[in-house]
Amino acid sequence: MGYKNKELLTNWADNIDKVAELTKHSTTRTAKKSRLNELLNTVSTGKIVGATEHKIDGKKMLSIHKLTTNVVPAFIECLGSPEQQPSFLKAFYPEMLQRVDYKQACKIATSNILQMPSGRGSGASKAVKNLFVPANKFDPWRDDKKLMADVWFSLNLIAVNQVTGHQIAKEPGRGIYVTKDLIMDMLEHPEKATKAKIANALVLMRLSGAIHLAQPDELTDAGLKLTQFNNGSKLVKSHHVYILGDFNTANWDLVAANFNLNLNTPISKEMLIQLFEEQVARNYFPDLSGGVGKREIDFFMTLKAQKGYTNEPIMTAKAAADTISSLAIIQDRTARQWVDEVCNVKPVEMEKLSKASAGRLGYELKGYKDTKPAEKLIVPTTREALRMCLEKLSTSNDKLKKELKVRMHR
């Protein structure tokens with residue numbers, strides 16, 4: 001982002017005196033801080049990195065060139081790597097006693113961040129690019145892909161963020177305590193995130209094995225204590241302790257092959273049972289409940305098969321929601337959400353578009369001419385249907401052709 005002191009901090013070992021002056025602070029205020037974000041919210045972080053410091057909703061943020069970010073990603077960017085963190089803290093904030101596996105956590109985080117693809121031309125697999133790298137500016141999932149990358153970056157910063165305390169996983173550096181609020185504090189672009197989108201991004205990463213819910217045999221005594229909390233007079237299970245995996249060994253193909261990247265739409269437990277088995281879904285996804293079931297998915301699959309391979313809408317979104325509501329005996333609002341969930345399952349090959357958007361993309365709208373332009377339609381997204389749409393578009397519609405090609409190759 002162009003922080004004024006980035007070069008100085010990246011080469012801090014050669015500029016001890018200058019950095020010591022920037023990081024001068026009162027140890028009585030920082031001695032009891034256990035997390036990096038707590039430390040950076042206490043000291044003059046804006047002065048240290050060379051950025052404008054201000055608060056949004058009581059939380060310290062840093063701005064430069066009209067871009068605003070959280071303090072931890074800004075600080076780590078200036079250091080150049082999370083691996084610099086342990087020695088930097090030891091040199092300038094020795095009052096923060098580091099946990100025994102802190103160096104290992106920073107090393108794992110650095111490796112995971114470096115594995116992220118830099119762009120479409122990088123050597124990453126097609127599945128990884130489809131989840132993390134926008135194809136071009138016409139990519140309809142552009143914002144969600146950027147957020148996926150930001151959430152993955154944040155998960156690794158969470159491992160770096162917890163400086164003091166106990167090792168919580170038996171394998172050093174792997175245990176992380178994850179909440180949506182903590183992720184929000186670690187995001188480089190928090191203004192683009194919602195907690196619902198973060199939650200859905202986490203489920204996709206759990207599906208890949210990039211992180212997974214910690215099992216009892218993976219945790220130390222300190223980690224086991226974090227898996228439950230007091231709710232009044234009753235002990236309740238907590239689903240916040242995870243094991244951080246390796247980016248390059250995660251099964252991103254499993255996610256890319258089964259789900260469209262729509263972070264507005266959750267994944268139901270039934271979908272996971274179809275992918276894995278009931279025992280796996282119960283052990284690793286106990287926090288998920290409700291949502292669309294196999295019967296609702298099968299209804300749309302049957303309907304699409306009856307339509308054949310055409311580029312005509314399957315039905316209106318309202319008719320789909322009414323059918324789901326009748327099948328499952330649920331309220332209209334829930335039924336609309338379930339329709340979105342069904343469209344999120346890639347093998348179903350369907351998408352919800354406004355009538356206006358479907359028309360612009362080349363879908364054949366006969367039979368839907370009397371519906372309002374903003375009316376939502378369920379359209380097929382098979383390669384055959386998209387190819388028909390592409391053939392229908394005039395040669396002048398280059399922008400729409402590019403968008404269709406992105407949809408065909410996602």
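Analyst: Two strands count as paired if DSSP finds at least two bridges between them. The model here is a predicted one. With that in mind, we can begin with a bridge.

User: Which residue of β11 is the bridge partner of Met315?

Analyst: The partner of Met315 is Ile378 in β11. Met315 belongs to strand β9, residues 315-316, which is joined to β11 by two bridges and runs antiparallel to β11.

User: How many bridges join strand β10 to β11?

Analyst: Strand β10, residues 350-354, is joined to β11 by five bridges, and these two strands are also antiparallel. Two of the residue pairs can be looked up in the model. Met350 has Pro380 of β11 as its bridge partner, and Glu351 stands opposite Val379 of β11.

User: What is the order of the strands in this open sheet?

Analyst: The order is β9-β11-β10, three strands with antiparallel pairing. The edges are taken by β9 and β10; each has a single partner strand, so one side of each lacks a neighbour in the sheet. Helix α19 packs on this sheet, where α19 touches β10 and β11, and the direction of α19 makes about 125° with that of β10.

User: Is strand β11 mostly covered or mostly uncovered?

Analyst: Strand β11, residues 376-380, is mostly covered, with four of its five residues buried. The cut-off for buried is a relative accessible area under 20%.

User: Which strands form the open sheet that contains β1?

Analyst: That sheet has the order β1-β2-β3, again with antiparallel pairing. Its edge strands are β1 (52-56) and β3 (67-70), each of which pairs on one side only. On average, neighbouring strands of this sheet are turned by 40° against each other, direction ignored. Helix α6, residues 71-79, lies across β2 and β3 and runs at about 95° to β3.

User: Now a helix. How far apart are the end C-alpha atoms of α18?

Analyst: The end C-alpha atoms of α18 are 16 Å apart. Helix α18 has twelve residues, 317-328, and at 1.5 Å a residue its span should be 16 Å, so the two values agree.

User: Which residues of α18 are buried?

Analyst: The general idea comes before the case. An α-helix has 3.6 residues a turn, so residues three or four places apart point the same way. In α18 the buried residues are Ala317, Ala320, Ala321, Ile324 and Ser325. Because they cover an arc of only 135° around the axis, they lie on the same side of α18. The exposed residues Lys318 and Ser326 are on the face turned away from that buried side.

User: What do the buried residues of α18 pack against?

Analyst: They pack against α17 (294-307), β9, α19 (332-344), β10 and β11. Just after α18 comes Ile329, with a positive phi of about 55°.

User: How many residues are in the largest nonpolar core?

Analyst: That core has 106 residues, and those touching the most other members are Leu36, Phe132, Trp152, Met205 and Trp252. Its largest share is eleven residues, supplied by helix α10 (residues 142-161). Take Met205 as the example. Beyond its neighbours within four places in sequence, Met205 is in contact with Phe132, Met148, Val151, Trp152, Leu155, Ala210, Ile211 and Trp252. Another core, of 15 residues, lies apart from it, and its members include Val379, Leu386, Cys389 and Leu390.

User: Where does Leu390 lie, and what is it in contact with?

Analyst: Leu390 is part of helix α21, residues 383-392. Its relative accessibility is 19%, so Leu390 counts as buried. Setting aside neighbours within four places in sequence, Leu390 has contacts with Lys401, Leu404, Lys405 and Met408. As for distance along the chain, Ser289 is 101 residues from Leu390, and their C-alpha atoms are separated by 39 Å.

User: Is Arg206 buried or exposed?

Analyst: Arg206 is buried, because its relative accessible area is 7% and the cut-off is under 20%. Arg206 is placed in helix α12, residues 195-208. Not counting residues up to four places away in sequence, Arg206 touches Ile211, Leu213, Tyr242, Tyr284, Phe285 and Asp287.

Terms used
Residues are numbered from 1 along each chain as its sequence is written. This is a predicted model: local features need pLDDT of at least 70, side-chain atom pairs count only at pLDDT 80 or more; totals for chains, interfaces and linings use all residues. Side-chain values use heavy atoms; hydrogens and water are left out. Buried means under 20% relative accessible area, exposed over 50%, partly exposed in between (1.4 Å probe, protein chains only). Contact means heavy atoms within 4.5 Å. Axes are lines fitted to C-alpha atoms, for helices over the stretch in contact, and angles run from 0 to 180 degrees between N-to-C directions. The expected span of a helix is 1.5 Å times one less than its number of residues. The arc is that of the directions from the helix axis to the C-beta atoms. A nonpolar core is a set of buried Ala, Val, Leu, Ile, Met, Phe, Trp, Tyr and Cys residues joined through side-chain atoms within 4.5 Å.
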